[in-house]
Structures are given as C-alpha cells and as structure tokens.
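Student: I would like to learn how to read the pockets and a strand pair of a protein model. Could we look at one together?

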Amino acid sequence: MLTDSPAPSPVTATHCPYCSLQCGMGLRTASGAQGGLEVVPRDFPVNRGALCGKGSSAPALLSRGLRLTEPLIRRASGRLEPAGWQEALALIAGRLGSVREERGADAVGVFGGGGLTNEKAYALGKFARVVLGTSQIDYNGRFCMSSAAAAHQRAFGLDRGLPFPLEDVARTGCVILAGSNLAETMPPAVRHLRELRENGGTLIVIDPRRTRTAEQADLHLAPRPGTDLALALGLLHLVVAQGRADEAFIAERTTGWEAARTAVMAHWPELVEKITGVPVPQLRAAVDLFCDAPDGMVLTARGAEQHATGTDTVGAWINFCLATGRAGRPLSGYGCLTGQGNGQGGREHGQKADQLPGYRKLTDPAARAHVAGVWGVEADALPGPGRSAYELLDALGGEVRALLVMGSNPVVSAPRAAHVESRLRSLDFLAVADVVLSETAELADVVLPVTQWAEETGTMTNLEGRVLLRRAALAPPDGVRSDLSVLNSLAELMSCPRTAEGFPADPEEVFAELRLASAGGPADYRGISYDRIEAEDGVFWPCPDEGHPGTPRLFLDRFATADGRARFVEVTHRGPDEETDAEYPVVLTTGRVLAQYQSGAQTRRVPELNAAAPGAFVEMHPLLAGRIGVADGDAVTVTSRRGHATAPARVTAAIRSDTVFMPFHWAGEGRANNLTNPALDPVSKMPEFKACAVRVERAGAAG
C-alpha cells in the first residue's frame, strides 16, 4: 500500500551570515542535515539564488560540538569552566560596576562587531553610553570601511557604501575595481562583472596580485602596495592633461576643483610610474577605457582603503569620478564594497566611537538632544567621542581596565596582534559574548554563549544600503541566549533606570526604537518596518516615512551637503608609513581567501571549508623564492618590526616580485597580523594593514 511522503518543512526566508552582500537564502529543518538545517536557493536581487561555499555550509556551525552552549567562568585554577547564567551575568555586572566605581566610567570599554544586527549594534551603543556611561566604545568595522566612510562624508556629505543597487554595475560602461578580489571575497557578485563585459562594458582591476578577479579584467594594473594614492592621482592628472574633464558637470555640481586640480598636476605619469611600478602606457589605457565609456564607476575595497592614507586615497578616486562627470548620474559614481555582513548598518547606529543612531554625530548638540529624548536621559549625560578601535585596544590595561566584547576576535584580526593580545591579557576583567570559543574568548574571565543568525531575528544593512530581515529558522540550544537578552539582563543588574522598556530582548521592539532614534538623521530608518522589508525585498535608506519608497539611488538631484554640491578635496601623494630598507626589503600585503572569512573563528570550524583552506601561506614570486633559496611548500618566516609569522611558501608569478601576500584568517605561528603596522589614518583611524616592510627567510634561518 502506497503512503504519502511527508510534506517538506516550511522554508524560512533569510540571508547568509557572512559578507556584506547578504545573499538571500532559505532554511528548512531536515533530519540528518548539518546543524539540523538545509540551505535552499532563494531568488534575491544581489545573488539570484547563488551562494558561495561559506553560505551553503553555514548551518554546520549550528552543530552542538562546534559552538558554545553554556557560560564559562575562569576559576581559581586559571581554567575556563562551565557556569550558570545567573552567576556569569552577576559576575560581569559586578566587575564592570566595580571598575566603573573605582576608576571612572571610561575605565570600562566596549568592543563590538560588524556582524551584529542593527538591533544589537544599536542596543550595544546605548548600553555603553546609558548604562556604563563610557565613551570607550568602538567596533571592528573601524578596520574595514572607515576610510571610505570618512571620504564619503567629506565629499558627498553622506556615507553609504554603494549609492546605487549592485545590479547597476552590469549596466554601466566601465568599472574600475581598486583593491578588491571579488571572486574570492564575494563570489556571487562576480556575475555582475561578467554581465558588465557581456553587455559591452569594460573592467579595470587594480591589485598587486593577479587574482581570480584580475584574470577577468580587460586591463590589470599591479601597483606596489602602499602606492594606490599616487596611482589615482596619476590617472586624474592624465584626465586633466588630455582635456577630458567634464567642465560643465564640475561647474554645476561641485566645489573645490581649482585647488584639487592644482594639486594633481604635480603627479605626472612618469613620476607615478616610478612610484607605483605601473607603466605609463597602462595608465593611459586605463584613462582611455574609462573616459571613452558613456558612464562609469569606481569601486574600492580594503586593498585601497586599509592604509594610513586610506581616506585621501578614496578621496582621490572620488575626485577622479567628479572630474569625469561620473557621479550623481545614473549608472555612474563612486562606491565602497563594504566587507562585513553588517559593516554598513554597524557604523550607522551607535557602536562607533563618534556616532549616535541614524549616523548622527556625537558632537552635534541637536543630535544628542534628539537621541537623549528617545532614550529618556539628559543630553548632557551622554559621554563624548571615545578612542577608535586600535587606540582602544592599545589602551587596555592602562586607562581602560575592563572590556566587554561582542562579536569580535581582535586577537586575530587587529594589527600588531601580539601586542593587542598582551593588552587583553593585562586587563583587570574581560567578558566576551560569542558563538564560539574564539582566540579572544579564550582569554576572557567570563564567556557567554549567544545565538547565531539562524536562531534569531533581526535586520542587517548590506553594501547597497538595503535594509534586510533575517528570520529565525529554529530555536537555539538550551543554555544559549541572544545578545539582546544579555544586554537586557546586564542593564537590570546594573540598576539602569527604564530597564524594562529601554533594553528589550525582542528585536522588533528594539528596531521600533531604532526607527525613532534614527528619524531625521542621515541614515533615516523611520519609514522601514519588518513587514515592509519582507514585502519589498528590503528597503533602501534613507526612508523617512512609511509612504516613502526608499532611496535605491542617491545623489541624482543633489549631494547631501549644505549647498547640494559635491566637494573636491585637495590631496597629494604620501607613501606608506613604513618604507622598505636593507633590513626589511620586501612589502607585505594581507587579505582573504575564498574558503575562510575574517578572523576565521567560525569558518575554521567548518570541516569542508577548513579542508579547502587549512592554514596560512606566504605567496611570493619565483624571483624572490629563488633569491632566498626556497621552493613551493617550504616553510618560510616573515619578519617585520613588530613580530614574525611562519607558513609554507606558495610560489607563483601572479604577484609582484617585491611583494608577499599572507591571508589573515589564522592564529598561531601563521598569524599574519603579528606583522602588520598599526599606523593610523589621521581622519578615519584606519590601521595600515595593507603595506608594511618585512624580510622573508627560510624557516630556521631567521636570526
């Protein structure tokens, strides 16, 4: 007798837990599947059902053996041991409170993450400023897109990663992709580049390595790391010298051109070739491809931005777009390919050292008054701006004695990582809330196990400025709570007024308050609701009221400055903070690989991802390998002025002979960030991850 097959479980529409594309996916329960869930395709604009290996394997981390399921407290033995929630929360509240009482509010710090939902980022910033009363809060997104954000603000008066939907990329005439290996960091987005070329457009990739992305380009420019600013200025020099500037657009839509043009004329092609190593004919070819197209875009990522000159480098690219009339028009403009899952929303709603919700400035009296009114506190009670991310980490154990970390692993991801690790160890008290026992959590006095993306509901804002909704697909294991629940409990234990309504554990309640706090601000979410997000495949901010359609494309009528004009910024070339010399003759640059993500705290625990990328390596040119006497696979030690790292050599002609590359996903002896330079951009406070002087030797030969 035939029996009916059981009906499939309902599918929960949600988004990938990793990068800023926030690819759409579906989840449904399935016995025998990793983590109890299987991923099903979901047609969503940014990925059209496609996922990379990280997204398709994401449920694996829900498996009980890979993640935290109970609080841990460091006992007298020095070991982290299981504990109950009541004891763990009471210990955190007591220790944070005692440090605040004995040393002042700014002796307590908070370090957030670019993967936290908007609701969590909002609540964390509010918790720091209202409950703790501290100015010492920042997040790891400072290490990601802060230079582009600063340049956006300076030129356009508003920061949103992309001022247009990603789908516009395929329809423009020419794209300059500066410092992005999109094929490995955001694989589903590559189809937009492929469609660009199928539609007759051209692609220029700027990268010191011939990456999978560069292999798809019509033109690949390979500058020496740390010279991106000179390259952008050199291209703009050629635009001016060849009479290709759009004088009508400049006159109608911009200010500051005369000073910017005067500055750029000092960067003639032959000088730029000497600085960057990019031949003059290639510089001219790039200008021809871009200017001959009817429209064009410049998209930057960390390769161009993670420098002590990152803000000026992005500013130079914005100048290039403005001078050629490729901004504030359909299918044209400058955009930043934001990295982390909520890198955009994370910097909009208050976990950044100098900001309040809605992308308001903490130094603006009107902004303080508005947000204080929503929070039910006096504006004067809100602290002022605090230290930036690296400055905060560097102050640990000194002026900052206790730290609460949510969703970040700075032991692996911060520059000068061994020093940061020593600062974390010197704290009087460290509490970490995370999904897994990361390298940072291993140092903590208390570790709290918190929910993952599939176990909680909340909003994210992707690289387009599209506000999205993740829906919970299953309940978390017993013993696991949400970050919002943690903040609610801590606020209550620390006797915060208005606790019950001020720190709800329900994400939709938090989002309702976020909407009020952001209303009238640059990143205005007032008209966005969970229902609208679900009905419209996300809503683009700004969206000031429920009748507003959202804003997929910014700046078409005016820029977000007082006079509506974009601002040219006068910039000149400055080299990397640290030049090579006889002792450190090679340049190190760092980045990501396809199968791992950020500090690797999650992806290194997924067997299929770890099998594809099991450890660190040092990519080098055959000429360098021959000079130091190593072959492919030999262990080599890379040494900078800050430390050393050891990993196998990966010998390839796809990198400059004066440069080595290391991915930064691993701890231990292959920790690339032991080497990196914490020199900060003076505007954005971005560390210089992408260029430092090193020497490379066969392992064991290092003196």
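Tutor: Let us begin with the classes of lining residues: Ala, Val, Leu, Ile, Met, Phe, Trp, Tyr, Cys and Pro count as nonpolar, Asp, Glu, Lys and Arg count as charged, and the others, Gly among them, count as polar. Please keep in mind that this is a predicted model.

Student: How many residues line the largest pocket, and which lie nearest its centre?

Tutor: The largest pocket, which holds about 690 Å³ of space, is lined by 31 residues, and Q153, K352, D354, Q355 and K361 lie nearest its centre. By class, this lining divides into 11 nonpolar, 9 polar and 11 charged residues.

Student: Which element gives the most to the lining of the largest pocket?

Tutor: That is α4, with 5 residues; both α4 (146–156) and β15 (360–361) supply at least two residues each to this lining.

Student: What is the volume of the second largest pocket?

Tutor: The second largest pocket has a volume of about 340 Å³, and of the 19 residues that line it, E184, R212, V593, F617 and R650 are the closest to its centre. The lining of the second largest pocket comprises 8 nonpolar, 3 polar and 8 charged residues.

Student: In what sense do strands β28 and β29 pair?

Tutor: Strand β28 (residues 677–680) pairs with strand β29 (residues 687–688) in the antiparallel sense, over 2 bridges, and L680 has P687 in β29 as its bridge partner. The two strands, β28 and β29, form a hairpin with 6 residues between them, and in the turn K685 has a positive phi of about 65 degrees.

Note on methods. Residues numbered from 1 in each chain as written. Predicted model: local features only at pLDDT ≥ 70, side-chain atom pairs only at ≥ 80, totals over all residues. Heavy atoms only, no water. 1 Å grid on protein atoms, 1.4 Å probe; cavity = no way out; pocket = protein on both sides within 12 Å on 5 of 7 lines; lining within 4 Å. Points joined across faces, edges and corners; volume = space filled by probe spheres on them. Helix = DSSP H or I, 4+ residues; strand = E, 2+ residues; numbered from the N terminus. Pairing = 2+ DSSP bridges.
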